[in-house]
Amino acid sequence: MFFLSSQSRWEHGRAIRGGVPISFPWFADRAGDPKALAHGFVRTKAWQLESIGQAGDAVTVSMSTRNDGDTSKWWPSEFRLVYRVTFGSELVLELEVSNTGQKSLRFEEALHAYHRVGNIEQARLQGLDSVHYLDKTDSSREKTQHGEIAIVSETDRVYLNTSDPLELHDPLLQRRTRVAKENSRTTVVWNPWAEKAHSLPDLPQDEWMQMICIETSNVSDFAVDLEPGQQHTMKALVTVADL
């Protein structure tokens, strides 16, 4: 159900091109710090396995990570993350952020899900009609979505103040994927298209046609504020059915 590049680099310190990378504590490039890692340091960080449990036909895997000497070089804040993934008739992705320090936190977060499609030119994404978005391919100008989303060129959009479920229709693979969410106020839609894809060393030629990123997120002006001792849990719920 998810896209994974055939040239993903399975190396320490490198992000995996595919699956569901986690963006935290900032999204995309960090403002004012050109040397900072894109999408934060969590997606290249080692996580600790917390537990594996089964309830009925569903299996839940929990992992955690927290601040350390390496993270403090980029972001001098104290935090703990727990990532729970439940595999069943529904895929549930939960990212829990705890402020374990003595100061308030403000952070961005995204579940950067690469959904696999048969052919991006035929796929359609529904559920964002009339929503305002920032077009990052056009100097982040604010625009309004009209109708369903068809990917016809490089697409990098942050849809604002979103809460409704989305449906990805894939006529080639004959399936529809429903993405619902909780405690998320933005949705990012991304596909690099041909020219941008060719500049990515871990994405082979033409594989960009087999993916679309639909990212449950809280970014830009919808970043999350957490006081000491508080927790915030963002959740994505994915189901698949025949078209």
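Which side chain does the side chain of H39 make a polar contact with? I'll start there. It's S23, at 3.4 Å, side chain to side chain. Keep in mind that this is a predicted model.

So, H39. You'll find this histidine in the loop between β1 and β2. Buried or exposed? H39 comes out at 12% relative accessibility, so it counts as buried, the cut-off being 20%. If you skip the neighbours within four places in sequence, H39 is in contact with I22, S23, F24, W26, F27, A28 and H112.

Two names from that list, F24 and W26, take us to the aromatics. There's one aromatic cluster made up of F24, W26, F41, W75, F79 and F107. In the structure as a whole we have eleven aromatic pairs. I'll show you two of them.

First, F3 with Y114. The ring centres sit 6.2 Å apart and the planes are at 25°, under the 30 degrees cut-off, so this one is stacked. F3 belongs to the segment before β1, while Y114 is in strand β7, residues 109-116, so the pair ties together parts that are 111 residues apart in sequence. Both F3 and Y114 are buried.

Let's zoom out for a moment. The chain has two helices and 18 strands. At 243 residues, a compact globule would have a radius of gyration near 18 Å, and the chain has 18 Å, so the two agree. The C-alpha trace spans about 50 × 50 × 35 Å along its principal axes. Of the residues, 49% count as buried.

Now the strands. Seven of them form an open sheet with antiparallel pairing, in the order β1-β7-β16-β15-β12-β9-β10. Which ones are the edge strands? Those are β1 and β10 (141-144), each pairing on one side only. Further in, β9 (residues 132-135) and β12 (residues 155-160) pair in the antiparallel sense over three bridges, and D135 stands opposite R157 in β12.

Strand β16, residues 211-218, is also in this sheet. Have a look at T216 there. T216 is buried, with a relative accessible area of 4%. Leaving out residues up to four places away in sequence, T216 touches E109, A110, L111, V179, K181, S184, T186, M234, K235 and A236.

On to β13, residues 166-170. Four of its five residues are buried, so the strand is largely enclosed by the rest of the structure. Which strands does β13 pair with? One is β8 (residues 124-126), joined to β13 by three bridges and running antiparallel, with Q126 opposite E167. Another is β14 (residues 175-182), again antiparallel, over five bridges. In that pairing, H169 has R176 in β14 as its bridge partner. The hairpin of β13 and β14 has four residues between the strands, and Q174 takes a positive phi near 55°.

Last stop, S5, back in the segment before β1. S5 counts as buried, at 4% relative accessibility. A polar atom of the S5 side chain lies 3.1 Å from the backbone nitrogen of Q7. Beyond four places in sequence, S5 is in contact with R17, D202, L203, P204 and E207.

Key
Residues numbered from 1 in each chain as written. Predicted model: local features only at pLDDT ≥ 70, side-chain atom pairs only at ≥ 80, totals over all residues. Heavy atoms only, no water. Phe/Tyr/Trp six-rings, centres within 6.5 Å; stacked < 30°, edge-to-face > 60°. Buried < 20%, exposed > 50% of the residue type's maximum accessible area, 1.4 Å probe, protein only. Pairing = 2+ DSSP bridges. Polar contact = N/O pair within 3.5 Å; in protein donor to acceptor, adjacent residues only side chain to side chain. Contact = heavy atoms within 4.5 Å. Rg over C-alpha atoms; globule rule 2.2 N^0.38 Å.
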